[in-house]
Amino acid sequence: MKISDSIRYVGVDDKTIDLFESQYIVENGVSYNSYLILDEKTAVMDTVDSRGMEEWSKKLEGELEGRKLDYIVVQHMEPDHSGSLEEALKKYPEAVVVGNAKTFQYISQFFETDISDRKLEVKEGDELSLGKHSLKFFMAPMVHWPEVMMTYEASEKVFFSADGFGKFGTLDTDEDWACEARRYYFNIVGKYGAQVQAVLKKAATLEIEKILPLHGPILTENLNYYIDLYNTWSSYKPEKKGVFIAYASIHGNTKKAAEVLADKIRSLGEEKVAIADLSRSDIAECVEDAFKYDRMVLCAATYDGGAFVPMEDFLHHLQIKTYRNRTVGLLENGTWAPMAAKAMKTYLEGMKDIKILEETVSIKSTLRKENDEAMNALAKAIVDAGV
């Protein structure tokens, strides 16, 4: 695939993978992107996961057309991008590896190959001339590993963004970019909003016409749309007004209460109410929706003196991904000693800038008429919080 006369795509699609990072469901697979720059010198920008090593190697060899490979630029050492690195080092013994100090530390941890006589260590702002093309390196630590760096090529105004601006799904998947990019961002990069903000400030100084990420499609049009979304996400600001209701129900009674609450909220004029069963939904999609909307209601049965396990797991995910700047309502259920609200509140109090509504609903076993007043109060409070 030609990105330009001088830049070729040599990445691969993985349609056989079931779980990305052994935890994220990827029904449409994932792409491992790699790019070859052809100039007086040649440089490949990252390798691919070992799962795609054979196809990548053939593509790279085909695009080189007999030329030697001069540089292997390693922007990110995570195995989905460096899994083919050792094979490349053996196949191209004259190629110089370009990375920063952390990059080379991690290479020595993953591989046995000695590259001490064929490495070029770069730091913030360093440039590498390939001829007409010059690569300028920007450090992007913790987006989302410590060694990550991104690269700008000025002659073609191309920004190689490592895992930034990536998404799940193979390149031939026809789907909305934002949905899977959002799920990718909040579950993989989301903890590091401050670091993403720092990268966006660096990118703002550059004239960029193409963004080339390590996962997902090459971005060439309406770049402000993607950059604005990243700014919103990394600032922990809600993307949309709406209410996300997440419930953890054992025998179905808490589910019924959550659904009744959703109807009450809609009846008060709330246009967007999303609801998810934490026991059966993709947890990554639930995390995505929690960050997407400005308000959330948590509904959980009591279990072993706390909240039912799927709710505890969900709140743990939100906590480690730095969930903040939201309003949250609580609904609990319990037969002899309702304790779920207390457990959920404990998690939320450990997060920053979370407003917990006072109008908590406490149900004993099943939703009854006696709960109407509390349910109505919670519905009104969560709607009013979005005004």
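A residue is called buried when its relative accessible area is under 20%, exposed when it is over 50%, and partly exposed in between, as judged with a 1.4 Å probe on protein chains only. The model is predicted, so local features need pLDDT of at least 70 and side-chain atom pairs count only at pLDDT 80 or more, while totals for chains, interfaces and linings use all residues. Residues are numbered from 1 along each chain as its sequence is written, and side-chain values use heavy atoms, with hydrogens and water left out.

Thr42 counts as buried because its relative accessibility is 0%. Thr42 belongs to strand S7, residues 42-45, where strands (E, at least two residues) and helices (H or I, at least four) are DSSP runs numbered from the N terminus. A polar atom of the Thr42 side chain lies 2.8 Å from the backbone oxygen of Lys68. Leaving aside residues up to four places away in sequence, Thr42 touches Ile37, Leu64, Arg67, Lys68, Leu69, Asp70 and Tyr71, contact meaning heavy atoms within 4.5 Å.

On the H5 side the contact is made by Cys179, Arg182, Arg183, Phe186 and Asn187, and on the H9 side by Ala284, Glu285, Val287, Glu288, Phe291 and Lys292.

Strand S18 (residues 293-303) is largely enclosed by the rest of the structure, because 10 of its 11 residues are buried. Two strands pair if DSSP finds at least two bridges between them. S18 runs parallel to strand S16 (residues 240-248), joined by seven bridges, with Cys299 of S18 as the bridge partner of Tyr247. Seven bridges also pair S18 with strand S20 (residues 326-333) in the parallel sense, and here Thr327 of S20 is the bridge partner of Arg295. With strand S19 (residues 306-307), by contrast, S18 runs antiparallel over two bridges, and Tyr303 stands opposite Gly306 in S19. Two residues lie between the strands in this hairpin of S18 and S19, and Asp304 takes a positive phi near 50°.

Key: A polar contact is a pair of N or O atoms within 3.5 Å; within protein, one must be able to donate a hydrogen and the other to accept it, and residues adjacent in sequence count only if both atoms are side-chain atoms.
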